[in-house]
Amino acid sequence: MGATGAAEPLHSVLWVKQQRCAVSLEPARAVLRWWRSPGPGAGAPGADACSVPVSEIIAVEETDVQGKHHSSGKWQKMEKPYAFTVHCVKRARRHRWKWAQVTFWCPEEQLCHLWLQTLREMLEKLTSRPKHLLVFINPFGGKGQGKRIYERKVAPLFTLASITTDIIVTEHANQAKETLYEINIDKYDGIVCVGGDGMFSEVLHGLIGRTQRSAGVDQNHPRAVLVPSSLRIGIIPAGSTDCVCYSTVGTSDAETSALHIVVGDSLAMDVSSVHHNSTLLRYSVSLLGYGFYGDIIKDSEKKRWLGLARYDFSGLKTFLSHHCYEGTVSFLPAQHTVGSPRDGKPCRAGCFVCRQSKQQLEEEQKKALYGLEAAEDVEEWQVVCGKFLAINATNMSCACRRSPRGLSPFAHLGDGSSDLILIRKCSRFNFLRFLIRHTNQQDQFDFTFVEVYRVKKFQFTSKHVEDEDSDLKEEGKKRFGHICSSHPSCCCAVSNSSWNCDGEVLHSPAIEVRVHCQLVRLFARGIEENLKPDSHS
C-alpha cells in the first residue's frame, strides 16, 4: 500500500465515504491530505483535495467495524475491513468552527495501526494543548444556560481530547475570583469560564491578582510593572453580549470556543489597570466608558428585574437625557504602535501590528532603564479639556452581534495601547448619527465632534472634582439641571457620571489608566481572515 515508517511521509490508498482516495501525511508539514483517486496508483491531488493541519486534529480513534454491513461491491472485496476516525476542526461560515469526523477504511489491520500510531505520536508532540483545566460555570448569567451549554457542547469535546477537568458551579458573585486566590493553581494548564463578560472579568481579576501576590507586586501602585500569568483563560460564551469572545474569536459560539481550547490556541491580550489615589479600582480589557455608556450601566443596575431588556430601556433613557460632562483628559500617545485608530487594519490572527508594536514597546522600555522615561513622559503628555457626551477607552474593537465592527474597529488586542475616543458636546441628532454608525460600515470617527487617539496611559478628572471648593448650590443646580424647553437639542450639564468598566460601575470621577501590554493569554487565535468553509465532513 506504499506505507512507510513513522518518521517518513506516509502515503496510502484508503477509502473515504466508499470512495478510493490517496491519503498522505507529511510530518515536516504536519498536514493530513486526501483526494479521490479512482484509477491505479495515487494520482495527483485535484481541486477537490481535502486537508487538515495536524494541529487541528482533536483525536484519532480506531473505528469498530464489527457488525456493520456494506452493500457496495467495493466493500465485498475487503474480507476484513479496518478503519480509523479522525476527529478534527471544520471551518463553517462567520468564523465558526465545527467538530467534524472523517473515517478512513483500510484493507489491512497492520496498515490501520500504522496510521493510528503515526497520527497519535504527532498529536503527543503538540505541547501547547491543555491536559487539566479548572472550569467555572456561572449558572445565572445571560439566559441561565451556562450549565446546559457546557454539558452539551463542551464536555464531550474535552472528553474526546482526553482533557480532565475540575468543575466549580458558582453560587455567588466573586466566587471565581476568591477561589483563584485560595486554591493551588499550579496543577492546571488553564482556567475556563462558562458565562458572559462578567464571569470572564472575575476570572481575569482572580488570575492577575493571584499572580501579582505570588510575585510580590503591589497592584495598588499605578506604575507597578505587572507580571504575566503562565495560565491561559478560555471563554465559553453564555452571556448577554459576550464582547470579549466576539472580539477575540469572531463569533460567540460555544462549540467554536471549546475547539480553540482543545487545540491549545494562544492569544496575548492587553489589560488596562484603573487607579484612583494610588488604589487599584479594577482591570479592564474591553470598554472603559464615561458619560453615555457609564450612565447606561448605572441606570440598568436599578432595573435588573427587566432582564436583558434593561440595557435597551436604559440606553433609550440615557440617549433622551442627553447629558454632557465637563472635565480634563490627559493622555500619553502610544508612539510605539505601528498602527492608528483609522488605518483600516483590523486585528487578525497572527497580527503584525500587535507583534511589531510589542517589539517597539520593549525597545522603549530598554531606554527607560537609562532614566529617560520620566523626561519623555512630561514632554509627550497631551491635555484636552471640554464638555463631553462620552469618553470611551477600548483595548479591543468591542465588537458584538449588535455592532459587528465594534466601538473602535481597528483597535488591537495586543499592541500595548488603548483607543481613547472623545465625543464632544453636540446635538442629539448628531449623536444619533454617531451611534448608528456603530451598526454599519461607515467611519464612526468621521465627525467634527469626535476625536480618537491611540494611547498607552491616560487620566481623567471631572470639572466637579476640580471645582470642589466652589459654591455647592451651583453644583446642585447643575446636577438637577433645568429642562431645555427652548433648546431641546442642547446638552444639560451634569456634575458627574460613572465609569462603565467592562460592564461594572465605577463611581470615581477621577481615574488614572495604564495599558499593560499582553498581560494575559487566552485560548484563542484571533479573528481569522475570511477563509472558505472546509469541504471535509
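Two residues are in contact when heavy atoms of theirs lie within 4.5 Å. The model examined here is predicted.

Asp415 was considered with this definition in mind. Asp415 sits in a loop. That loop runs between strand β16, residues 382-394, and strand β17, residues 418-424. The relative accessibility of Asp415 is 0%. Asp415 is therefore buried, as the value falls under the 20% cut-off. Residues up to four places away in sequence were left out of its contact list. Asp415 then touches Asp270, His336, Thr337, Val353, Cys354, Ser357, Arg454 and Cys517. Two cysteines, Cys354 and Cys517, are among these contacts.

Val52 belongs to a strand. The strand is β4, which covers residues 50-53. Val52 has a relative accessible area of 1%. This value is under 20%, so Val52 counts as buried. Val52 and Val86 are separated by 34 residues in sequence. In space, their C-alpha atoms are 9.7 Å apart.

Cysteines were examined next. A disulfide is a covalent bond between the sulfur atoms of two cysteines. A search of the whole structure found 0 disulfides. Cys193 is accordingly in no disulfide. The nearest cysteine sulfur to that of Cys193 belongs to Cys245, 9.1 Å away.

Cys193 has a relative accessibility of 1% and is buried. Cys385, at 49%, is partly exposed. The value for Cys385 lies between the 20% and 50% cut-offs, so Cys385 counts as neither buried nor exposed.

Notes
Residues numbered from 1 in each chain as written. Predicted model: local features only at pLDDT ≥ 70, side-chain atom pairs only at ≥ 80, totals over all residues. Heavy atoms only, no water. Helix = DSSP H or I, 4+ residues; strand = E, 2+ residues; numbered from the N terminus. Buried < 20%, exposed > 50% of the residue type's maximum accessible area, 1.4 Å probe, protein only. Disulfide = S-S within 2.5 Å.
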